Amino acid sequence: MVDLVEYAIRGIPTGCVYALLAVGLVLTYKTSGVFNLAYGAQAFASASVFYVVRKDHEWPLWAAAILAIVIVGPAIGLVLERFLFRYLRGSPPMAKLVTSLGLLIAIPEVVRLLLGSGSRKNPPPLWWVRRTDEWLWPQGSSVVLDAGQIATIVSTIVVVIALVFLFARTQIGLKMRAVVESARMAELYGVNSERTSMTAWALSSLLAGLAGVLVAPLFASLNPLDLFTLLVAALAATVFGGLTSIPLTFAGGIALGVLQAVMAGALPTDSVFATGLRPGLPFIVLFALLMFRPGLRTSGELQDPLAGVDPPPPSPVTQDQPKWLTRGSRALMILLLLVACWISISVLDAFWLGLVVSGVCLSVILLSITVATGLGGMLSLCPAAFAAIGAFATAQLVEATGMTVIGAMIIAGLVSATAGAALALPVVRLGAVYLALATLAFALMFESILVPLSWVSGGSVPLSVPRPLIGSIDMADDRWFLLFAATCLGLIAWVVVRLREGTMGRFLQALYTSRDAAESIGVSATRPRVMAFAVSAGIAGFGGGLLASYAGQANYQASFVYLVGLVWVALVVSTGARSVLAAIISGMVFFLLPAGLERLFSWPENWLEAHPDASGPVASLLEVITPSWAVPVAFILFGAGAIMYARHPEGSLQSQMSALGRAVNRRIDPGGEPPDPADDLDRESSADLVGPS
Amino acid sequence: MTPPPALQLEDVSASYGSFRALFHVNLTVENGSAVALIGANGAGKSTVARVASGLIRPSSGRLLISGSDFTGSAPHQIARTGVALANEGRSLFASLTVQENLSLAFRNAPSVTDPDAAMNSAFALFPQLEERCTQQAGTLSGGEQRILTLARVMATKPQLLIADELSLGLAPLVTTQVYEALATIRDSGCALLIVEQHLDHALALADEVVAIEKGEITFRGDPADVGEVTGGLLLPSGHPAAIDEPT
Amino acid sequence: MTLLNAVHITKRFDGLTALKAVDLQVKAGEFAAVIGPNGAGKSTLFNCLTGQLTPDEGTIHYNDEDLRGVPPAQRSLLGIGRTFQRIQLFGGMTVRDQLLVAIRAHKHHGALWNDLLRGGHLTSAEKETTDSTLDRLGIGSIADSPVESLTLGMARLVELARALVTQPQLLLLDEPSSGLDRRETAHMAQVLQLVCREESVAVALIEHDVAMVGDLAETVWVLDYGQLIAHGPTQEVFADEKVRAAYLGLQVR
């Protein structure tokens, strides 16, 4: 019993870390209505600045802290508010979420470009002692807190008290709450909503900076992935607080830390519970809270009573292009893909051919996003988990039963589809944002609990997967494998198009654009969405098997880490969530763009080598550019696509097509009469004919 | 010299995205007078109210408040000159308490010098609000919400009050109460722009009536003349008064 | 025969009681109207009947079947259709597609396998059904227009057509004339009369247009502040002093 109390006390510092991150998220949500996934990336930016000035330039502690927390943190927030989120106020929650997803991907890469991409070991602490164990309290007791833990606890408590006071007692807190409910009405009350919202962003970003700098020393090296995973863990506390209550969020964070510590102490260290369950606990709690916390479905959906002032938003699923263009572009697309296939086989060298094959395999996986998000309107953040399930299942099936690889891939697809259906049953009832969070929690549960198990992933050494063999054709030759993969891609693309244009596609779109109306005519609110989710998971699983077969192994760390899945989602959604072509382009771009950029960025180096006597501003400019820029720049571009999502919810590809269609129409029919204003007036209220999405 | 009118719209056109809602509207509300703006559903009445309060920027034309040009100004700048908008439906913050709603308004209105005194006078006028001062405004009944809106507006002593369909959906008894309050506001020297579909109360209060149809002003004149020019345009179909008139 | 029997329906939202023990009975083929000021709880009552909301107390029987726990989609399959006060059409689809979704939802075949094996194309039988339904409402010409291009009046008719194509026994109409001009309102009234008389569909109508209610409805139910204050044959209710004070009084000088 005494032991348990001791363990519990040990959990308090961790709990404070959760609470600090969670409270910051609540603050952003309360003051801007944005569920800011990029919060972890902002924390990373401040922590990196702190690292560079404190360790590399040896600034004094106070100066480094002021720069990183008080200046850089709020500055990032102000930039985000001024150039991005101000224009998203009326956007649906899902658009805001995709935007923050793009930022989550782009910000760490921007930091790497600006501050250098070398690894940063042993992040410096935010206190005056050099080592954490130099200063301990209470000394001599069985439970001691070191300086870092004390700093975290004190900061968290101060922050929580200050925020509670801010919202309950101060005018600025009152203004923030008013602006987030309705910026327009706050304006009518005489409140300057733009200034209020900038203050709110600056404040929440300051907290992100503080959290980043405080938390960084917990890890061996500074890494955005660690911070983001910690943030997702803290989400459990955020959801516990209902996204609005700061005291409840604080309590949730502490409870989570204590629970984790008690489990660590009380459970045998070598059991499954200790290795998998303890790190996975926050994600299990998050998932469970999303399923069972009452009132989440309706909270945070206060309608702006003055929303009628906005012009109607573009429908995310409308296809604003003439039919012949659709047909023509489809024929052209197939022709182009065939030509591309032929060129790849006959012209490309092994390196580029390899990338193209990987791209085709990934395109299959990305079509799963087309089904779930494009057709089903569900922002599922765990495509990589289902791909990994497929890859593992393929490997295990081949090894255990000795069946053919192709057969194993198909069964793996079914396994993954079953898992998808099981996840979908509880999840599809949630609103857009909570569904996204639940799938994210699932991805992390999978990663922290199942992936380490040897019966799933084969343990620390990746399972090997052979290439398929059809008759005498050995797919060990990349060219044959490309043909095989392209055939699979074609078949699955055909399935997706059939679903999109058939009854399923119509049911899903009806549910997405007006759920109440769809139910009122007999469309079940769950069945089509569960089916779409299962089909999507099945496609991802099959694609995962394909990718693993090409790579020769089912390597989780190399191919299926959850963060990679988020990049896939960002890519597909920003290129065009409903379009098959967009998924294929995204798959190709994911592999070809970084490689292409690397070639591009290595050109200056080569040129300088060939001209050793070159000097002047041009030469020094060229010296700066290195091939190591390739990956950051590629990921910044991927992120930028998602950031623009709110403006083009139909995707960049579709918006280009629509523009083309309109241009051609104008050419054909230049004498189109300007619309009669009286006709327009009849439509005054038809602007919102289409139900809320 | 007479002071400039409280509100002037000069040749204002406005649109929602590609949809055009107002065409070259001219409208003047003199200091201390009451103008009733009437018209059918979707005629553009509410758009006029939104342009006048700055929620919508006119695509052409000018917005003058007490003689100064406020075209394109932010709504809070217009609000701080003493223009208040009370609109149909929810005109308050549902997630804030009654007291917080009032406090937010009083501390951001330059005309209120002593927010606490304003709060007390609001509670004195409408005692039922004091009973509910810690209740979230969103949980008040429709009539109570309308009263909270009026209490807020009355205590901030605006120069001009734009009342956008305040009677919509209220029980007759509450409507009468709302219009009594509007009369009190007018008597304190505040100019009124009353946007209404139901004419009875609005006509009784107004000095001038302006009718709008399909985004254009079609009639302006004395309230007494209205009966002759209705033509079925001002009244919603099915209104008993509209049934009698010949078509 | 009583088709729909709702007894003592009570619904609360966060301390606000929207409905207090409200009853509503609709007989087969009957035309009933529910009237009352905004905020009286009319739409809340409809949402309880269709299953969008779950009442806190009270029972709803349809054809003597208890509807407790029956999801909204299932109620549609049982024969309850509805339209919405704030129009709810499916975005990005044509008018015909709206009806097609309804037809296919009622056939409830395995959508997934049918799509894969046969494709989800429009069959000639479906084309015939949609055409005849739209023609009956006088909007056959817009069958292949996207819904985004419709006027409000057209959109209300499309919503009605979408509900009718499922061949309901009971139709719940939430302010079908709201936002329509007089010509459109007259057309809507004509269509509703046709539907109710010729196809013997029972109708429950929420409506502010007193003249329209007087013309169409056989019985009237009056709600005020979440309570049923009167019900009965239309003319009797309209003569009732209490009703005139609470509702009609607003419009009778």
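The dialogue below reads confidence, a domain interface and a chain interface in a predicted model.

Me: What conventions apply to the model and its numbering?
Reply: Residues are numbered from 1 along each chain as its sequence is written, and chains are lettered from A and ligands numbered from 1 in the order in which they are written. The model is predicted, local features need pLDDT of at least 70, side-chain atom pairs count only at pLDDT 80 or more, and totals for chains, interfaces and linings use all residues, while side-chain values use heavy atoms, with hydrogens and water left out.

Me: Which scores does the model have as a whole?
Reply: The ipTM is 0.93 and the pTM is 0.86.

Me: How is pLDDT to be read, and what is the average for chain B?
Reply: pLDDT is the predictor's confidence in each residue, from 0 to 100. Where it is low, the predicted coordinates should not be read in detail. Chain B has an average pLDDT of 81, with 85% of its residues scoring at least 70. In residues 228-247 of chain B the pLDDT falls below 50, and this stretch has 34 contacts in the model beyond near neighbours in sequence; a contact means heavy atoms within 4.5 Å.

Me: Where are the domains of chain A?
Reply: Domain bounds come from an automatic or database domain assignment. In chain A, domain 1 is 2-269 + 276-295 and domain 2 is 328-569 + 578-588. Their centres, taken over C-alpha atoms, are separated by 33 Å.

Me: How much area do domain 1 and domain 2 of chain A bury between them?
Reply: The size of an interface is often given as the accessible area lost when the parts come together. Here buried area uses a 1.4 Å probe and is summed over both parts. The two domains of chain A bury about 2,200 Å², of which 89% is on carbon and sulfur atoms. A:Met94, A:Phe287 and A:Leu290 supply 26% of the area that domain 1 buries against domain 2, more than any other three residues.

Me: How many salt bridges cross between these domains of chain A?
Reply: A salt bridge needs a side-chain nitrogen of Lys or Arg within 4 Å of a carboxyl oxygen of Asp or Glu. Between domain 1 and domain 2 of chain A there are zero.

Me: How much area do chain A and chain C bury, and how many salt bridges do they share?
Reply: Chain A and chain C bury about 3,300 Å² between them, 61% of it on carbon and sulfur atoms. The interface has 38 residues of chain A in contact with 41 residues of chain C. One salt bridge is found across it, joining the side chains of A:Arg506 and C:Asp97 at 2.8 Å, N to O.

Me: Which helix of chain A gives the most residues to the side that touches chain C?
Reply: H19(A) does, with eight residues.

Notes
Helix = DSSP H or I, 4+ residues; strand = E, 2+ residues; numbered from the N terminus.
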